[in-house]
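Take a moment to look over the model before reading on. The paragraphs below walk through it, from single residues to the whole fold and back.

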Amino acid sequence: MKVETRNIGRALADAGTWRAILLHGEDSGLIRERAAHSVRLVAETLDDPFRVAQLDRDTQDRLEDEATALSLIGGRRVVWVRDAQDAVTPLLARALETQTDTLIVIEAPGLSSRSKLRALAESRKDVASIACYPEEGRALSQTVTDAVSQA
């Protein structure tokens, strides 16, 4: 499901309700920040190897196995895929066919609007497709104002 800009905060706050979250766009820093936030919400940590499986380009072929693996210590697992491209699409589709409570978080900077991975994510109601682009204008001004007020 394509998440509209005004609903991104709510979608990320409820990260545990999704089967998968696809983060794509031009702002790789924002993609990484939102991915880490989602992983922390579900797994409560970023570095527990029993609850968080991190897959890079060389290990993405393990997506289906990791998504269907059971947690050895209890709690919900997260599979965090970095630098994904369209080649991950069939792996994600197969992983989503199996009912598990594992959250799949996919960082996919630079995907085109005609990407097969984006098309899959946007066609499913249990997958959030979130665009991450550099802030401009009013949004940038609000971010700066919020950061200054917190400091």
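Where is Asp-48 found? Asp-48 sits in the loop between H2 and S2. The model is a predicted one. Is Asp-48 buried or exposed? Its relative accessible area is 19%, and buried means under 20%, so Asp-48 counts as buried. Now compare sequence and space. Asp-48 and Thr-59 lie 11 residues apart in sequence, and their C-alpha atoms are 18 Å apart.

With Leu-72 and Ile-73, Phe-50 makes up a nonpolar patch on the surface. Together the three have about 350 Å² of accessible area.

Step back to the whole chain. The protein has six helices and five strands. Along the sequence they follow the pattern α-β-α-β-α-β-α-β-α-β-α. The radius of gyration is 15 Å, close to the 15 Å that the globule rule gives for 151 residues, so the protein is as compact as a globular protein of that length. Along the principal axes, the C-alpha atoms fill a box of roughly 45 × 35 × 30 Å.

What share of the residues is buried? Of the 151 residues, 42% count as buried. The accessible surface comes to about 8,500 Å². Carbon and sulfur atoms account for 49% of that surface. Contacts can also be sorted by sequence separation. Take those between residues at least 6 apart in sequence: 76% of them join residues at least 24 apart.

Helix H4 gives a view of the interior. Which residues of H4 (residues 89-97) are buried? They are Thr-89, Leu-91, Leu-92, Ala-95 and Leu-96. These residues span an arc of only 160 degrees around the axis, and therefore lie on the same side of H4.

Val-81 is part of strand S3. Its relative accessible area is 1%, so Val-81 is buried. What does Val-81 touch, leaving out residues up to four places away in sequence? Its partners are Leu-55, Gln-60, Leu-63, Ile-104, Val-105, Ile-106 and Glu-107. Asp-27 lies 54 residues from Val-81 along the chain, and the two C-alpha atoms are separated by 17 Å.

Arg-34 is found in helix H2. Is Arg-34 buried or exposed? With a relative accessible area of 17%, Arg-34 is buried. Setting aside neighbours within four places in sequence, Arg-34 is in contact with Ile-8, Leu-12, Leu-23, Ile-130, Ala-131 and Cys-132.

Now turn to charge pairs. Side chains of opposite charge can pair when their charged atoms come close. How many salt bridges does the structure hold? It holds eight. One of them joins Arg-77 and Glu-66, with the closest N and O atoms 3.1 Å apart. This pair links distant parts of the chain. Arg-77 is in the loop between H3 and strand S3 (78-81), while Glu-66 is in helix H3, and 11 residues separate the two. Both Arg-77 and Glu-66 are buried.

The side chains of Glu-44 and Arg-51 also meet in a salt bridge, at 3.8 Å from N to O. The two ends differ in cover. Glu-44 is exposed, with a relative accessible area of 66%. Arg-51 is buried, with a relative accessible area of 11%.

In another salt bridge, Arg-124 pairs with Asp-126. Here the closest N and O atoms are 2.9 Å apart. Arg-124 is partly exposed at 25% relative accessibility. Asp-126 is partly exposed too, with a relative accessible area of 22%. Elsewhere, salt bridges that share partners join Arg-32, Arg-82 and Glu-107 into one network.

Notes
Residues are numbered from 1 along each chain as its sequence is written. This is a predicted model: local features need pLDDT of at least 70, side-chain atom pairs count only at pLDDT 80 or more; totals for chains, interfaces and linings use all residues. Side-chain values use heavy atoms; hydrogens and water are left out. Patches are made of residues with over 30% relative accessible area and no salt bridge: like charges are joined within 9 Å, nonpolar side chains (Val, Leu, Ile, Met, Phe, Trp, Tyr) within 5 Å. Accessible areas come from the Shrake-Rupley method with a 1.4 Å probe; for residues, only the protein chains shown count as cover. A salt bridge is a side-chain nitrogen of Lys or Arg within 4 Å of a carboxyl oxygen of Asp or Glu. Buried means under 20% relative accessible area, exposed over 50%, partly exposed in between (1.4 Å probe, protein chains only). Helices (H or I, at least four residues) and strands (E, at least two) are DSSP runs, numbered from the N terminus. The arc is that of the directions from the helix axis to the C-beta atoms. The radius of gyration is taken over C-alpha atoms; the globule rule is 2.2 Å times the number of residues to the power 0.38. Contact means heavy atoms within 4.5 Å.
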